[in-house]
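Let's take a friendly walk through this structure together. Have the coordinates open in your viewer before we start.

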Amino acid sequence: MYRRKIEDILQGRLGSFKGAIYENVMADILGKMGRKLYYYQKPDSLEIDFVMRYRGECTPLECKARTGNAKSMQTLLKHPEKYHVYHALKLGDYNVGRNGPLLTLPFYMAFLLTEV
């Protein structure tokens, strides 16, 4: 069973592993940039892949293996008085873009998040 899973990953059949692989690659990129890794989870509701200081503010960062919504991030952004989050970053298979306080970036641009 385990050997089959490794074989699937090596053959590019990522299936349910894709999100975890993207998150691990992002953790590796941030770690090599000298950033500490922080994760946020509120039991039974919110989960944010990474929390970092960017441009002087607490900023959630989500990695998406597929294009899609980051529901927890949207919740944080809709309630700034409660969570004190005013901007967010989402990396994945996207073009550079901004939708209000959410900045989307292609995954390969993660190395540019150097400004603390």
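Predicted model: local features only at pLDDT ≥ 70, side-chain atom pairs only at ≥ 80, totals over all residues.

Residues are numbered from 1 along each chain as its sequence is written, and side-chain values use heavy atoms, with hydrogens and water left out.

Start with helix α3, residues 71-78, where S72, M73, L76 and L77 are buried. The buried residues of α3 fall within an arc of 135° when seen down the axis, so they line one face of the helix. That arc is taken over the directions from the helix axis to the C-beta atoms. On the other side of α3, K71 and K78 are exposed. Here buried means under 20% relative accessible area and exposed over 50%, with partly exposed in between (1.4 Å probe, protein chains only). Helices (H or I, at least four residues) and strands (E, at least two) are DSSP runs, numbered from the N terminus. What do the buried residues of α3 pack against? Their partners are β2 (47-48), β4 (57-63), α4 (80-83), β5 (88-92) and β7 (102-106), with contact meaning heavy atoms within 4.5 Å.

Now turn to charge. Side chains of opposite charge can pair when their charged atoms come close. The structure holds one salt bridge, a term for a side-chain nitrogen of Lys or Arg within 4 Å of a carboxyl oxygen of Asp or Glu. K32 and D28 form a salt bridge at 3.1 Å, N to O. Both sit in helix α2 (residues 18-32), and because they are four residues apart, about one helical turn separates them. K32 is exposed, at 67% relative accessible area, whereas D28 is partly exposed, at 39%.

Moving on, R35 is found in the loop between α2 and β1 (40-41). Is R35 buried or exposed? R35 is buried, with a relative accessible area of 14%. A polar atom of its side chain lies 3.1 Å from the backbone oxygen of R53, and the backbone oxygen of L113 lies 3.0 Å from a polar atom of the R35 side chain.

Notes
Polar contact = N/O pair within 3.5 Å; in protein donor to acceptor, adjacent residues only side chain to side chain.
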